Amino acid sequence: MQKYLQLCEAVHITSKEIMVLNIGWQVIVRTMSTLRLALVQLKVNEAKVTNIERAVSFISNAKKQNADVVALPECFNSPYGIQYFPKYAENITDGETCRALSKAAKENSIYVIGGTIPERDGDKLYNTCTVWGPDGALITKHRKVHLFDIDIPNKITFRESDSLSPGNALSMFEVKDCKIGIGICYDIRFEEMARIYRNKGCQMLIYPAAFNMTTGPLHWSLLQRSRANDNQLYVACISPARVPSASYVAWGHTQLTNPWGKILHDLDTDESMVIADIDMNVVEEVRAQIPTFSQRRTDLYDTVWKKNENSS
């Protein structure tokens, strides 16, 4: 800094001009380390075409607010339920939802994390998140690894495995030097998966998710703050809006959490969207100040990925 001041003095730059230069430099640094993220809490109904059109509208709106990335909720083109999955399922990449997402990404020059849709592949169905680049190309897709099979007496019983097959792969991509890992809903309960994403350099985890009125108030926020704190990264969970008349009522409360475990945004229950600037410097600050990653006793324990990363 002293050499910088001496240089300014040598070329006759005033203190006021130095201040302007410093502010300008800080703005440049901030811009280079900031990612603008849009999270869409979409109201989903049984009209598939309407759901897709609403999603595309939000994508365009996100771009108008200078978002780099926009993320949709779990099962955004279909009501959530095993009775709906076969009817709404489509092939990736030539189904109507994929065509619409690809077109919206290209027309708006924006990265689109396409929530999830029921995917048909041969005789199998998957709960799948697609990610589209600003050129409209499919960057990656994530098939839900952990299927939602639970039984809480007198409250909720659900078995995704009665209709869906599990995925077997991790899914990552990069935007503006931010490495993002993708999970889907129930995947967030498995801390090993989040840890492996962290081990592979992720600075953000995004989970399209539809918790319910039983698990939502108990675990929705807790799990996101836990994954964010454990792995010192940003976590976003994107839920459908709450529709009380639906056969499966989503909790809502789309949430963004920072690497300190602090909740930055909570969208409550109605259809809405939030635009947030993700400061990547915070990731590095937290990891430097509480260096748990380098302090792990991997001579005693470890978390490893056993599958080929290209497995589907």
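Student: On what basis are the values computed, and from which number does residue numbering start along each chain?
Tutor: In this predicted model, local features need pLDDT of at least 70 and side-chain atom pairs count only at pLDDT 80 or more, while totals for chains, interfaces and linings use all residues. Side-chain values use heavy atoms, with hydrogens and water left out, and residues along each chain, as its sequence is written, are numbered from 1.

Student: How many helices and strands does the protein have, and what percentage of its residues count as buried?
Tutor: Helices (H or I, at least four residues) and strands (E, at least two) are DSSP runs numbered from the N terminus; there are nine helices and 15 strands. Buried means under 20% relative accessible area, with a 1.4 Å probe and protein chains only. Of the 312 residues, the buried share is 52%.

Student: Why does the span of helix H5 agree with expectation, and what is the distance between its end C-alpha atoms?
Tutor: The expected span is 1.5 Å times one less than the number of residues. Helix H5 covers residues 96–108, and its 13 residues should therefore span 18 Å. The end C-alpha atoms of H5 agree with this, being apart by 18 Å.

Student: Which strands are included in what covers the buried residues of H5?
Tutor: Those buried residues are Thr97, Cys98, Ala100, Leu101, Ser102, Ala104, Ala105 and Asn108. Contact means heavy atoms within 4.5 Å. The cover includes helix H3 (48–64) along with strands E3 (111–113), E4 (117–121) and E5 (124–132).

Student: How are H3 and H5 oriented, roughly parallel or roughly antiparallel?
Tutor: Axes are lines fitted to C-alpha atoms, for helices over the stretch in contact, and angles between N-to-C directions run from 0 to 180 degrees. The axes of H3 and H5 come within 10 Å and cross at roughly 15 degrees. Angles under 35 degrees count as roughly parallel, and over 145 as roughly antiparallel. The arrangement of H3 and H5 is therefore roughly parallel.

Student: Which residue follows H7 with a positive phi?
Tutor: Helix H7 comprises residues 215–231 and reaches 23 Å from its first C-alpha to its last, close to the 24 Å expected. Beyond H7, a phi near 55 degrees belongs to Gln232.

Note on methods: Buried means under 20% relative accessible area, exposed over 50%, partly exposed in between (1.4 Å probe, protein chains only). Angles under 35 degrees count as roughly parallel, over 145 as roughly antiparallel, 65 to 115 as roughly perpendicular and the rest as oblique.
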